[in-house]
Amino acid sequence: MPKILIVEDNEPSRDVLARRLERRGYGVVVAVDGQQAVAVARSAQPDLILMDLGLPVMDGWEATRQLKGDLSTRHVPIIVLSAHAMTTDRELAIAAGGDEFDTKPLRFPQLLEKIEFLLARGAVAK
Amino acid sequence: MTVSVDPPASESGMSVTGRAAQIFAAAQREIHERTDRLFAGLMAFQWLMGIIFALWVSPLAWEGPVSRTHLHVWAAVMLGGIISLFPALLAFLRPGQASTRYVIAVAQMLMGALLIHLTGGRIETHFHVFGSLAFLAFYRDFRVLIPATIVVALDHMLRGFFWPQSVYGVMVASQWRWLEHAAWVLFEDVFLFVACRRSIAEMRETADRTAALEHEVRTRKQAELDARSARARNDAVLEVALDCVILMDEAGRIVQFNPAAERTFGYSTAEAVGTELANLIIPARKRASYRTALGRYLTMGDTASFNRHLELVAVRRGGEEFPVEVAIAPISSEGAPMFAAYMRDITARKQADRELHKSRDAERQNAEQLAELVDELRVTQRRAEAATRAKSEFLASMSHELRTPLNAIILYSELLQEEAADDGHQSSIPDLERIQSAGKHLLDLINGILDLSKIEAGKMPLLLETFDVGAMVDELVDTVGPLVYKNGNTFSVQSEGALGSMFGDLTKTRQVLLNLLSNAGKFTKDGTITLDIRRATIDGGTTPCLEFAVTDNGVGMTAEQSRKVFDAFTQADVTTTRKYGGTGLGLAIVSRFCDLMGGTVSVESRPGHGSRFIVRLPLQVVDTAVDTATHAGIA
């Protein structure tokens, strides 16, 4: 099954998202800050990353940029999640290298659609 | 000598010399004419005397016993007449002419010759010749002596040669006796010549003096006239002058006091003249300084106070003091120094000045107060803006902080519902649904607050794009369907003609219509809801727009409620939220979004009959508040 990296510093958010994705059959790895996210992505080689923006140590923007600048991780699709519903965040996220964008609170069915779409696209690319 | 002088032809146009020549000529002419007349009389007298003499000396000529009138009688009558008549006639017909004089001179000498002959050449009669020359000298023209002398010389020479008895009274006379006679005549001529010259010189002098005198008289008369008319003019000016004009002598005593001064100060001219100005119109306490100034001028020529406008205090008859504007000017005259004081009562002007100052002060005060108010307002406004900004930022960050736990709540409630369904714990599902529903309501509230605060902070950007209105409405109907149909309502969309496309913010336009339609669904039960769309104009018909009218026949609102319906957190009343649900922010957001897009929203409603919300949005929305720099930073 596809492996998804959840980057989220808020424990309940991380936990509930992980459990719901696992219920859908996805493999889940987690990271609690940007730096960790980059390390985990390199070691665990996830199929997709859910990246929160407001993170300690290294924020989501920077982590996204580093991941997209690294040959070993640049092919991994990233869905940027923001608690700010600003439309400009979407543009900034895309500009930083994110493949998709969603706002919190997450509408789970909608998020699933985006995940499935990106994974399907990745499978075709391979 | 009396000289009648003709009045000068042109008094001003002639020089003194010219006038003297004129006077001289007139005097000369007068002398000539008078002498002409004298000779005319003399001629007649001599003729008569000649006849008488002839009759007396030799009335009859005897040739034997026969006597007849002596030839001399006839000669006296005939020759005397011939000699006398012509010049006498000329004297009357052409008096004063030079020719008349010469004719008279010749005739007079011929008459002398006749008389000498008639008296038989008596040597005594020769005195007539000398007398005649003296008479001729009356002309004061030595030239008449020349023909006279020639006539005498010729007469003596010719008669002495041909008929000595006739001229010398002897039968034989020396050939050269005439020369002796002529020499005596010339001897007299010399005296007469000198006398004539002197006389003429005197006449000229007299004429010059007369002309000079006349000139003097005329000049004086003119000066007097000038002075009189100048005085008359001055008097007239002073008479009608609006200012007081007071003339003073060197002691400051009033010499002239015009009617304006009489009116202003209350004294008549008769009372004022002769009084010292200081005593009359200057308050007692000021007299000393006034006199000092006048004295300074008189002794040192200090004109500091003169020819300047001064404001002084004057006093009227009766003691009333009042402000005057004064100018004192020394009058240059050859006599003792004089002064003219011009005064004007400036009570009214002072009053006006004071009032003007007062009103200016008041104006200034008002302006200052206004400026203070404006400053206060600015400070208040800045504070209000700062407060709004702080509030908006607070709300933005708070909504962010709220979203994270809310995210967990909603996701967990959904997870629990899934797990409960899987595990067969059906009884807990409704409660979990309530948790989820409450979470979503809270999310709506947070989103609404966030939107409003962004609008208020000016950080709500417009995303302008061209979109198809029909497609937007179709999509809207799909979304809004469950909301409008839920209370047993019917819903229809009506549009007039082709809607075409619109350049605007698609998301916000959809949000506006969504809010209005969901409101209509919320407040209408078993009724009808319609969305009417047509093209119209706003801004007084200048801007083409699309009009969206959402009409329901639900509960409606009172006028009071209608007025407040677009304010945030004001549903029709506080119970509404409880009864109908909703955040109370929907219409506030509608109103703000319409404003942002340059459109309008209005409402018509009657309680129990339903409401109609009309939204007009420009076909071409213009972004008036582009603020990308700041909205980019709110993340």
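This is a predicted model: local features need pLDDT of at least 70, side-chain atom pairs count only at pLDDT 80 or more; totals for chains, interfaces and linings use all residues.
1. A260(B) is buried, because 21 other C-beta atoms lie within 10 Å; a residue counts as buried if 20 or more other C-beta atoms lie within 10 Å of its own, as exposed if 12 or fewer do, and as partly exposed in between, with C-beta atoms placed from the backbone. This residue belongs to helix α8 (residues 259-265) of chain B, where helices (H or I, at least four residues) and strands (E, at least two) are DSSP runs numbered from the N terminus. Leaving aside residues up to four places away in sequence, A260(B) touches A241(B), L242(B), D243(B), C244(B) and V245(B), contact being defined by C-beta atoms, placed from the backbone, that lie within 7 Å.

2. Residues are numbered from 1 along each chain as its sequence is written, and chains are lettered from A and ligands numbered from 1 in the order in which they are written.

3. In the largest nonpolar core, which has 48 residues, L110(B), L133(B), L136(B) and A148(B) touch the most other members; such a core is a set of buried Ala, Val, Leu, Ile, Met, Phe, Trp, Tyr and Cys residues joined through C-beta atoms within 7 Å. At least two residues of this core come from each of α1, α2 (71-93), α3, α4 (127-136), α5 (145-162), α6 (164-168) and α7 (177-240) of chain B, and α3(B) gives the most, with twelve residues. Another core, of 39 residues, lies apart from it and includes I449(B), V484(B), V550(B) and F613(B).

4. Helix α1 (residues 16-57) and helix α3 (residues 98-118) of chain B have axes that come within 11 Å and cross at roughly 20°, the axes being lines fitted to C-alpha atoms over the stretch in contact, with angles from 0 to 180 degrees between N-to-C directions. The two helices, α1(B) and α3(B), are therefore roughly parallel to each other, a description used for angles under 35 degrees, as against over 145 for roughly antiparallel, 65 to 115 for roughly perpendicular and oblique for the rest.

5. Chain A has five helices and five strands, and its elements run β-α-β-α-β-α-β-α-β-α from the N terminus on. Of the 126 residues in chain A, 39% are buried.

Key: Two residues are in contact if their C-beta atoms, placed from the backbone, lie within 7 Å.
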